[in-house]
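Please open the structure in a viewer and keep the selection tool at hand. The stops below are meant to be followed in order.

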Amino acid sequence: MSSTIRETDLGTSKITPLPARAAANAPMPQARGIARNPGMRLDLGFMESMRSVNRSALERRVASLTKRRSIKADNQAAWLLRAVACMDLTTLNSNDTEERVRRLCAKAVNPFRRDIAEGLGITGEKIRPAAVCVYHPFVATAVEALRGSGVHVAAVSTAFPHGLAPLSTRLQEIEASVRDGADEIDVVIPRGLVFGAKWQELYNEIVSMRAACGEAHLKVILGTGDLATLRNVMLASMVAMMAGADFIKTSTGKESVNATLPVGLAMVRAIRAYFEETGYLIGFKPAGGISTAKASLDWLVLMKEELGRPWLEPELFRFGASSLLTDIERQLEHHLTGHYSANHRHAMA
């Protein structure tokens, strides 16, 4: 009996085993955490193998994920605290001011009312958002307000949210944010390069952005609501990781459609494929429209089921959120008292 993938010689009992993907190289942990993705050459053959995306199958998988786990009581409170620790607390409004940013930073350092922290038994625990994300003009203000807190400062750069300025201008903005103290840079890609399948040009731009970041970590925003198809989302994700992205991020929050679970599933499967190919762990950041505690739990379940426990740490998973913390705080108060409080009792900025 024989086939193209398995051959058995009945006379000698010799078996040719099924071909298998080579084991991924073990990532090399650094003293400060996860080994940083160095990128790789643009491999169009690898991208071709990732082109087939079954939307119906992804949607069925997402529907089952959100129903198969029921997280209640103390377990729910613990998962919500994990969501806070994986949050990029964000203000990206046209009316932002330095004082507003300082108030947001104060909320990041002390995210819970004292009575809630005491009731949960977390007084003294440093459960805080992973970062505060702001426009470039407010980076220095945020750096000063968060000094010594352990909360990172992320800057949105490269002509956010459209990414249509000349490349030299976008690179200068990255460099300016790094000089002001940002240790994470969220960049946005020009979506037209994806529609035109200009993968080499997109790859080269992201490589240049990574170089401009220096030691600051690079989060690449795909603008998935503008990309039209999950195939485009998958291919853009692969190019970003090949070019050296530390995180891939769904949205700017300014598109008409932002983070959705099927899009997230396509992106995390791209992350898994990249890990299997290279051994490097890439972070994931859904952003835009994630405003309820229930939604945050759905995203945490997705990460746990698809990528495993390491992706429930802020080094590999972030929420881009502005109002999510308010709803989580309300849910935690309900867990303690059985009553919901008004939003104004959980001031943000």
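Predicted model: local features only at pLDDT ≥ 70, side-chain atom pairs only at ≥ 80, totals over all residues.

Begin by selecting the eight strands of the open sheet, which follow one another in the order β9-β8-β7-β6-β5-β4-β3-β10 with parallel pairing. At the edges stand β9 (283-285) and β10 (319-321); each has a single partner strand, so one side of each lacks a neighbour in the sheet. On average, neighbouring strands are turned by 25 degrees against each other, direction ignored.

Select strand β3, residues 87-90, together with β10: the two run parallel and are joined by three bridges. Met87 has Phe319 of β10 as its bridge partner.

Keep strand β4 (residues 131-135) selected and colour it by accessibility: four of its five residues are buried. Then display strand β5 (residues 152-157), which pairs with β4 in the parallel sense over five bridges. Within this pairing, Tyr135 has Val156 of β5 as its bridge partner.

**A crossing of two helices**

Which angle do the axes of helix α3 and helix α12 make where they cross? Select residues 73-85 for α3 and residues 293-306 for α12; their axes cross at roughly 85 degrees and come within 10 Å. The two helices are therefore roughly perpendicular to each other. To see the contact, show Gln76, Trp79, Leu80, Arg82 and Ala83 on α3, and on α12 Ala293, Ser296, Leu297, Leu300, Val301 and Lys304. By residue class, the contact of α3 with α12 consists of seven nonpolar, two polar and two charged residues.

**A glutamate in helix α13**

Finally, select Glu329, which is located in helix α13 (residues 324-337). Is Glu329 buried or exposed? With a relative accessible area of 0%, Glu329 is buried. Show its surroundings next: leaving aside residues up to four places away in sequence, Glu329 touches Lys107, Pro111, Phe112, Arg113, Ile116 and His346. For Arg113, display the backbone as well, as its backbone nitrogen lies 2.9 Å from a polar atom of the Glu329 side chain.

Definitions and conventions
Residues numbered from 1 in each chain as written. Heavy atoms only, no water. Pairing = 2+ DSSP bridges. Axes fitted to C-alpha atoms, helices over the stretch in contact; angles between N-to-C directions. Parallel < 35°, antiparallel > 145°, perpendicular 65-115°, else oblique. Contact = heavy atoms within 4.5 Å. Nonpolar A, V, L, I, M, F, W, Y, C, P; charged D, E, K, R; others polar. Buried < 20%, exposed > 50% of the residue type's maximum accessible area, 1.4 Å probe, protein only. Polar contact = N/O pair within 3.5 Å; in protein donor to acceptor, adjacent residues only side chain to side chain.
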